[in-house]
Amino acid sequence: MKEKFHIEYVFDKVSRRSLWNHLTTPPGLSAWFSDDVSINNNIYTFRWNKDEQEAEILSLKPEISIRYRWVDEEEEDAYFEFKIHTVELTGATALEITDFAEPDEKQDSIELWDTQIEELKRTLGI
């Protein structure tokens, strides 16, 4: 059974809109998350080299949150979600990621997100 986990990343100087575009649009997502992204209706197709995975959008609140679910995910309540909020004390923009992983794969998943977010920060110029 997969475990839910949350990780948060703080971006000092980034506009909410720019970050949102990187989490929801094919050009934004293909800049840091996968090699190529396309959308057909509600289904996003992510490509890495020769691998391809499809995800559907479960919920969307513009410039606040988007929740995706892998189409081939066997566990019904597993998903990954991006939430954007403002850190009250500093005014910085924070990205909270919720994901699910097998207990013995959780650390690897967190490290993969860390790597991806480093790429996202580079893409955003921070």
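Strands here are DSSP runs of E at least two residues long, and helices are runs of H or I at least four residues long, both numbered from the N terminus. With that in hand, let's walk through this predicted model.

Glutamate 63 lies in the loop between β4 and β5, while asparagine 41 belongs to the loop between β2 (36-40) and β3. Most residues other than glycine have a negative phi. Asparagine 41, however, has a positive phi near 60°, and glutamate 63 has a positive phi of about 60°.

| Residue | Relative accessible area | Class |
|---|---|---|
| Asparagine 41 | 74% | exposed |
| Glutamate 63 | 22% | partly exposed |
| Threonine 45 | 8% | buried |

Threonine 45 counts as buried because its 8% relative accessibility is under the 20% cut-off. Leaving out residues up to four places away in sequence, threonine 45 touches Asp36, Val37, Ser38, Glu52, Gln53 and Glu54.

The largest nonpolar core holds 30 residues, and Tyr68, Phe82, Leu95 and Trp113 touch the most other members. Elements giving two or more residues to this core include β1 (3-11), α1 (16-24), β5 (65-70) and β7 (93-101). Which element gives the most to this core? That is α3, with five residues.

Tryptophan 113 deserves a look of its own. Apart from residues up to four places away in sequence, its contacts are Phe5, Ile7, Tyr9, Trp32, Phe33, Phe80, Phe82, Ile97 and Asp99.

Note on methods. Residues are numbered from 1 along each chain as its sequence is written. This is a predicted model: local features need pLDDT of at least 70, side-chain atom pairs count only at pLDDT 80 or more; totals for chains, interfaces and linings use all residues. Side-chain values use heavy atoms; hydrogens and water are left out. A nonpolar core is a set of buried Ala, Val, Leu, Ile, Met, Phe, Trp, Tyr and Cys residues joined through side-chain atoms within 4.5 Å. Buried means under 20% relative accessible area, exposed over 50%, partly exposed in between (1.4 Å probe, protein chains only). Contact means heavy atoms within 4.5 Å.
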